[in-house]
Amino acid sequence: MRILGIDFGEKNIGVAVSDPFGWTAQGVEIIKRKEENNLKYSIERIGELIKEYSIEKIVMGYPKNMNNTIGERCEKTEAFKTRLEKTFKIEIILWDERLSTVAAEKRLLEADLSRKKRKQVIDKMAAVFILQGYLDSRVN
């Protein structure tokens, strides 16, 4: 069973996919959002990825505040989750993504990538961290 990981942001959507066994997450791409309120292209692209990888479940990053409260980004994430569920009739899990972008940034710094290169892949790496966190939690 393959699982899609999504880091839903204002400008970009980072995407990762699990291996067929559900052990590891690999970055796939970054979907560039043309307008924050227009999700048509993003939803179409996610649909293509669901078909291409035979996705059975989606794990979306849930951007809670550090004090565990829910803010505006969580509300937008929930609305996007609802649209995806209605469109694809697929199970979607919200996964606490606090510090996933920070962890991805740290890993990219360790790899000595330039600021420009980090900016090009950070959202995809955050999706990998979100999905890998979920996959690791299922092992225990």
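A word of care before going on. What you see is a predicted model, in which local features need pLDDT of at least 70 and side-chain atom pairs count only at pLDDT 80 or more, whereas totals for chains, interfaces and linings use all residues. Residues are numbered from 1 along each chain as its sequence is written, and side-chain values use heavy atoms, with hydrogens and water left out.

Let me start with the overall plan. The chain has four helices and five strands, where helices (H or I, at least four residues) and strands (E, at least two) are DSSP runs numbered from the N terminus. Read along the sequence, these elements follow the pattern β-β-β-α-β-α-β-α-α. Of the 140 residues, 44% count as buried, and here buried means under 20% relative accessible area, exposed means over 50%, and partly exposed lies in between, with a 1.4 Å probe and protein chains only. If we take the contacts with a separation of 6 or more, residues 24 or more positions apart account for 61% of them, a contact being heavy atoms within 4.5 Å.

Now to the strands, which count as paired if DSSP finds at least two bridges between them. β1 and β4 run parallel and are joined by five bridges, with L4 standing opposite I58 in β4.

In β5 I would like you to find I92, which counts as buried because its relative accessibility is 7%. Leaving aside its neighbours within four places in sequence, I92 is in contact with I58, M60, K81, L84 and E85. The C-alpha atoms of I92 and G5 are separated by 9.7 Å, although these residues are 87 apart along the chain.

Next, please turn to helix α2. Its 17 residues, 72–88, should span 24 Å at 1.5 Å a residue, and the end C-alpha atoms are 24 Å apart, which agrees; the expected span is 1.5 Å times one less than the number of residues. Which residues of α2 are buried? They are R73, C74, T77, F80, K81 and L84. These residues cover an arc of only 125 degrees around the axis, which puts them on the same side of α2, the arc being that of the directions from the helix axis to the C-beta atoms. The buried residues of α2 pack against β1, β2, α1, β4 and β5, while the face turned away from the buried side carries the exposed residues E72, E75 and K86.

K89 has a positive phi of about 50 degrees although it is not a glycine, and with a relative accessible area of 70% it is exposed.

Finally, the aromatic rings. The structure holds three aromatic pairs; rings of Phe, Tyr and Trp (its six-membered ring) pair if their centres lie within 6.5 Å, and planes under 30 degrees apart count as stacked, over 60 as edge-to-face and the rest as tilted. One of the pairs is F8 with F80, which is stacked, at 4.2 Å centre to centre and 10 degrees between the planes. This pair links distant parts of the chain, since F8 is in strand β1 and F80 in helix α2, 72 residues apart. F8 counts as buried at 6% relative accessibility, and F80 does so at 1%.
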